[in-house]
Amino acid sequence: MRMFATIAKLLVKRVLTAIPILLVVSALLFCILRVLPVDPAAMSLPPNATVQEVEAMRKEMGLDRPIYEQYGIWLGKLLQGDIGRSIHFRQDVTSLIGTTLPATVELAVIAMMVATVFGLAGGLFLFYVRGTRAEAVMDFVSILLLSLPEFLWSLFLLLIFGVFFEVLPFTGRLSPGFERPVVTGFLLLDSLITGNISTFFNALEHMILPCLALGIALSPSLMRVLRSSLLDVYQDDYIQQARLRGLSEKRILVRHGLKNAILPTLSLMGVQFGFLFGGTLLVEIIYSYPGMGNLMVDAIRNADLPIIQGAGLTYCIAVLVISIAVDSLYLILNPKLRAR
Amino acid sequence: MTFEIDRRNLLQMLGLAAVSGSALSQATFAFAADTDSVTIGWPSDVPSWDPNLRFVPDAQPIFKLVFDQPLDQAPDLKLIGNLITKWELKPDGLSMPFEIRSDVKFHNGDPMTMEDFKYTFVDRVKSGLKLDIANSWRTLTDIEITSPTSGVMKFSAATPTAPQWLAFLGSYLVPKKYIESVGPEEFAKKPVGTGPYKLVDYQMNSRIVLERNDTYFGPKPKIKRVTIDIIKDPSARTAAIQSGQVDLTVNIPVREAERLGKTDGLTAEINPFTRLILLQMRNDKGFADMAVRLAAHHAIDKAALSKAFYGGAAVPLSIPATPGTPGYLPDYKFAYDPELSKKLLKDAGYTAEKPATFTLASTNGQFPSDFDIARALVQMWQKVGLKVELQQIEYSKYFELNRGGQLPEATLYSFDNATGDPEIFSGYLMNPKMPFGAWKGMEIGDKILKLFVEPVYEKRIAGYKDVAKEAVETGANIPILQSVQTLVRKKSLSYVKYGNAWVLANTMSWS
């Protein structure tokens, strides 16, 4: 009961802190985008628009007003739930983000699961082979994995499994001919809700390569942090005492070592998940994945400031939510923190 | 219950996953090989399913499958009838009587009427909706309906390119009754056109699925189902055609196209089309002196650029128009002559100690090999004694810099004109009132502005040929190459090649 009260207290505190953070981020985003040397008015008009028409559009979009005034108007609308209208797509940004966000969330969550499995398994293995020749080999492998960015992994996996072995699809979320149920926008969830098992497996098949690319790129840092934490933890007295009590090495690792070493790894996972959420752009483009990253690339190409602002804010909110979730998990796992 | 993963059952699981993955994938690929369907890997999506809303050249071949344009273009780009069967721009260019077909139906079964024409080109434009076609039809004041199948387009000023615009960007007929009943937002979600295919499924930035419109008034498409996979990354498009996940794709790197063309079952083409690669020029700063501009032009080895970056398929240009279009001058050649460049610079008083200097701006990735071409240009210029600084810009920055008069002396630019009409080449590029051209000199600008309202076709074309030649000879424009489209397809899939790079699924068939 006390644990829930502590978590609730933390939630209230973090939500209250999040408000000024969001305000600062929104102001920064707005100002940075407004001082960029791009002309959203010209981009919003067809190529045969005259200079006068571009000027009229600038006025209509409020781009001729001082930045603080433009920000005030934008913030006022934002508080009423209106993020703006896309210059390129001429649609409400809320609707565009609402359509693309679930695909990115699904991708990020599964990629994080892949990273966690690889990261924890790799970290344990690294720790297990400490002091042996295999440690050097594993160190080399983890550094190699760490030095390749996710878009290179994307291309590499695509060539191996998509082109060379031809065993996995690499375009879109579903193969042609599969029914696409739309309930929540989360395809895996929707296919289960509607009982469409073939769609579920096909969607999962389409997620393998992008999630592997993202997950593999994230896993080496998890491996290395877990290994270091375990090495630190194993210097502590309670590990020696556990050995003296006759506990098996496996039991010591699971009950004492891992339980304590996992906390820094968990923090890193939280940070990585935040980055992952905003870092799927290239992977989504390579795999034609219709998520927010793909939308963001379109927005950047077309200087679609309302989408960039909306997506930026969404990323910020996601990072704050993830950070609150990780802190809560910390409280659950670490009794010392609850006692403070 | 616990489940321990040991080495044996891990290997069993991996084996099972590989087998099931392979089986599932075979099912996927079997679909692409179906002869009643085709899967196309296309580099960009439609911005919206309202075809009047935005001008996006790469989206036109997709729109043309679902919607119809009043006029159409033949593969050689000549204007041909479509929804409109007869048209005649009056000698003053202020009106255009036309007749429409009486046997056209929208996908929802509603017949196409003159009211739909008036609604699309006049009422919708005036309703305040932000439609790009409002800019192309700004001189259209009314469509007078004279009978159920005839009408007259009335213009406030001479509009000599009205017929061309009826087959160009955004000019697609939309259903008045349907849009008025469901609203424009719903129309964009469930579009209804008169085209050869109906939209059956759409996922933004991922896939478009179309099914044949069996009541289509024109030639019936041979392929029943068309899937367009939006694959923005060129490497992924290359992989998709190589692995058989798509049957045809475009705009992959030239080298990859050449490689895939040698693969069993595939064929590759490098097709020049109606897109120019040119230098937008300023008439001041480091380019105030005509001798410097001309020296810069004579120093460019266009054939070498084509060979290096487009496998030799991009046609070197001497005039801002592409071969086969009305404004092209087949016998006119602007010489590649580095010695003449050096002489021009020397005569103008430039030396190795006091060289002519200027800046070249280029995008990186806006069109294939753009920045590489820019780097090669800088080297060619250095050889004749021009000192050039290369600056990278974003395409979205181009208009802002141009509007503020902040573009450097030269900018590498690509310009698309599916109609091939010289107004949309030389006219748009050198009209000082439009946001494209950096050249603001009125000696050419005035001539262009007059041609914009010249209604006599022959006079207009002759005028554009003269002004284009003058622009090149005074260094107001440096055309470089005709752009190319790479296309790779399965050998058994045929399609009709268009001079403007349209790739239309309704012309495709399997053998």
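Me: In which sense do strand β12 and strand β16 of chain B pair, and over how many bridges?

Reply: The model discussed here is predicted. As a general idea, strands of a sheet pair through backbone hydrogen bonds, either parallel or antiparallel. In this case, β12 (residues 266-281) and β16 (residues 477-490) of chain B are paired in the antiparallel sense, over 12 bridges.

Me: In what order do the strands of the open sheet in chain B lie?

Reply: The order is β8-β9-β10-β1-β11-β16-β12-β15-β13-β14, which gives 10 strands with mixed pairing. At the edges lie β8 (197-203) and β14 (387-392) of chain B, each of which pairs on one side only. From one strand to the next, the twist averages 25°.

Me: Which helix lies across β12, β13 and β16 of chain B?

Reply: That helix is α10 (residues 290-298) of chain B, and it runs at about 30° to β16(B).

Me: In which sense does β1(B) pair with β10 of chain B, and in which sense with β11 of chain B?

Reply: With β10 (residues 225-230) of chain B, the pairing of β1(B) is parallel and extends over six bridges; here Val38(B) stands opposite Val226(B). With β11 (residues 248-250) of chain B, β1(B) also pairs in the parallel sense, over two bridges. The bridge partner of Gly41(B) in β11(B) is Thr249(B).

Me: How is the packing of two helices to be described, and at what angle do α15 and α17 of chain B pack?

Reply: Helix α15 (residues 423-430) and helix α17 (residues 457-473) of chain B pack at about 50°, with their axes 10 Å apart. The two helices are therefore oblique to each other. The crossing in which α15(B) passes α17(B) is left-handed. On the α15(B) side, Glu423(B), Ser426(B), Gly427(B) and Met430(B) meet Arg460(B), Tyr464(B), Ala468(B) and Ala471(B) of α17(B). The residues of this contact comprise four nonpolar, two polar and two charged.

Me: What is the handedness of the crossing of α11(B) and α13(B), and which residues make the contact?

Reply: The crossing of α11(B) and α13(B) is right-handed. Helix α11 (residues 302-310) of chain B packs against α13(B) at an angle of about 145°, and their axes are 11 Å apart. From α11(B) the contact draws on Ala304(B), Leu305(B), Phe309(B) and Tyr310(B), and from α13(B) on Asp372(B), Ile373(B), Ala376(B), Leu377(B) and Met380(B). By class, the residues of this contact are eight nonpolar, no polar and one charged.

Me: In which loop of chain B is Ser369(B) found?

Reply: Ser369(B) is found in the loop between β13 and α13 (370-383) of chain B. Ser369(B) has a positive phi of about 65° and is not a glycine. At 23% relative accessibility, Ser369(B) counts as partly exposed.

Technical notes:
Residues numbered from 1 in each chain as written. Chains lettered and ligands numbered in written order. Predicted model: local features only at pLDDT ≥ 70, side-chain atom pairs only at ≥ 80, totals over all residues. Heavy atoms only, no water. Axes fitted to C-alpha atoms, helices over the stretch in contact; angles between N-to-C directions. Helix = DSSP H or I, 4+ residues; strand = E, 2+ residues; numbered from the N terminus. Parallel < 35°, antiparallel > 145°, perpendicular 65-115°, else oblique. Left-handed = near helix turned anticlockwise from the far one by under 90°. Contact = heavy atoms within 4.5 Å. Nonpolar A, V, L, I, M, F, W, Y, C, P; charged D, E, K, R; others polar. Pairing = 2+ DSSP bridges. Buried < 20%, exposed > 50% of the residue type's maximum accessible area, 1.4 Å probe, protein only.
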